[in-house]
Amino acid sequence: MISSVYSIRNNNESLVLKAIIENGPISRASLSELTTLNKASISSIVKTLIEERLVNETGIGDASSMGGRKPILLEYNSSSGAVVAIDIGYNYINVLVTFLDGKIILEQQLRKIEINTNTINDLLTDILDYVIENVPKTNKGIIGCALSIHGITQNNTINFSPIYDLIGDDLYQFLSNKYDFPFYFENEANLAALGEYTFVSRAEDLLCISIHGGIGLGIIENGLLHHGNAGKAGEIGHSIIFPHGKACGCGNKGCLEKYASQQAIYESVSEAFKINIDKINSDYLVKMLKTEQREALLDLLREKAMYLSLCINNIILFHDPEVVYIDSSVYEKIPELLEFILDSLNSRFTEGVKIKTSAFEGRSTLFGGVALVLRNYLNIPVFKFRNYYQEN
């Protein structure tokens, strides 16, 4: 049932729907010019999309310079369904539910919870049952749910995670058997990159460094996610910057994330300033910068940013992106960190590459989950919601 209901568009329908999403309100004549499909095909496809309630006729456009009847404009019907995105962290779960254009319906956060194979089924059941009960009634209902996994995924299977034991496809099978909409499991850094691409960035080639308990890299090339052969592309947190350094859960020693992740920052602050690590988060660091500890803390943060700048220099050489985003609450709230990185990037190879912090306030992964569900449901491999652009 899922494959027939949730994968229904042929290539021409997808082409027309993409054009309406990115350029609407738009007339049938303009669609014909934009897609190079003849007017009869456009009329037939638009009729189908209206019947599916994915497109609405909305308003009257201006007549051409030659006069004649004013055209009826077409617009994407984003309120026809809902999308669920869930980020499963090491001791938290974030939930976002939106309409089909990313407009937020509801958000939920669970904190300081135990996540393992014994608890996750009940946790997600409670969340999804609550969502189903509380989302507005729409024509299509919930069209899908994306789950952000802090680890390596492939084909909806969790192959590795350093922070929880949810390995394998048992969770996917449980959810798929329990609910009548599709589920998509994806690495959280990949989703962060997809969120930036779809809702924020004008770039077609971008990187997004996700910095939380670990460090991951989402890679977008020509609008598509790059996964690598076994889903391991972008695991830059496990690149070695100090041979024979600190032991890492991956089996290596001296991995980047042991020195430059948010967790590594918190541990260093805890040790240097004799503070209980349970108290430390990005907001706590912001408060520290307003005290007499400011300069000492900035020195520590400068060192961490320098380690990350080494990584950024290398990934720019490997991928030649238009822009690199940093998805991290610490970097978003402490702008000096970005300045430290920019000061460290002096190579001619990094010239012209923009380095930016995420504007999503911790939601880029969730919005990436929304984009992933929509790409599959609409059968449109690459598209952007241009009305969301926040950049020049």
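1. Start with helix α9 (residues 262–273) and helix α11 (residues 294–319): their axes come within 11 Å and cross at roughly 145 degrees. Axes here are lines fitted to C-alpha atoms over the stretch in contact, with angles running from 0 to 180 degrees between N-to-C directions. Helices are DSSP runs (H or I, at least four residues), numbered from the N terminus.

2. Who touches whom? Ala-264, Ile-265, Ser-268, Val-269, Ala-272 and Phe-273 of α9 make the contact with Ala-296, Leu-297, Leu-300, Leu-301 and Lys-304 of α11 (contact means heavy atoms within 4.5 Å). By class, that gives nine nonpolar, one polar and one charged residues. Ala, Val, Leu, Ile, Met, Phe, Trp, Tyr, Cys and Pro count as nonpolar, Asp, Glu, Lys and Arg as charged, and the others, Gly among them, as polar.

3. A quick word on the source. This is a predicted model, where local features need pLDDT of at least 70 and side-chain atom pairs count only at pLDDT 80 or more, while totals for chains, interfaces and linings use all residues. Residues are numbered from 1 along each chain as its sequence is written, and side-chain values use heavy atoms, leaving out hydrogens and water.

4. Now look at helix α5 (residues 120–134) and helix α6 (residues 170–178), which pack at about 35 degrees with axes 11 Å apart. On the α5 side you'll find Ile-120, Asn-121, Leu-124, Thr-125 and Leu-128, meeting Leu-171, Phe-174, Leu-175 and Lys-178 in α6. These divide into six nonpolar, two polar and one charged.

5. Zooming out, the chain is divided into domain 1 (11–76), domain 2 (82–193 + 365–378) and domain 3 (203–359), with bounds from an automatic or database domain assignment. The centres of domain 1 and domain 3, taken over C-alpha atoms, are 44 Å apart.

Notes:
Helix = DSSP H or I, 4+ residues; strand = E, 2+ residues; numbered from the N terminus.
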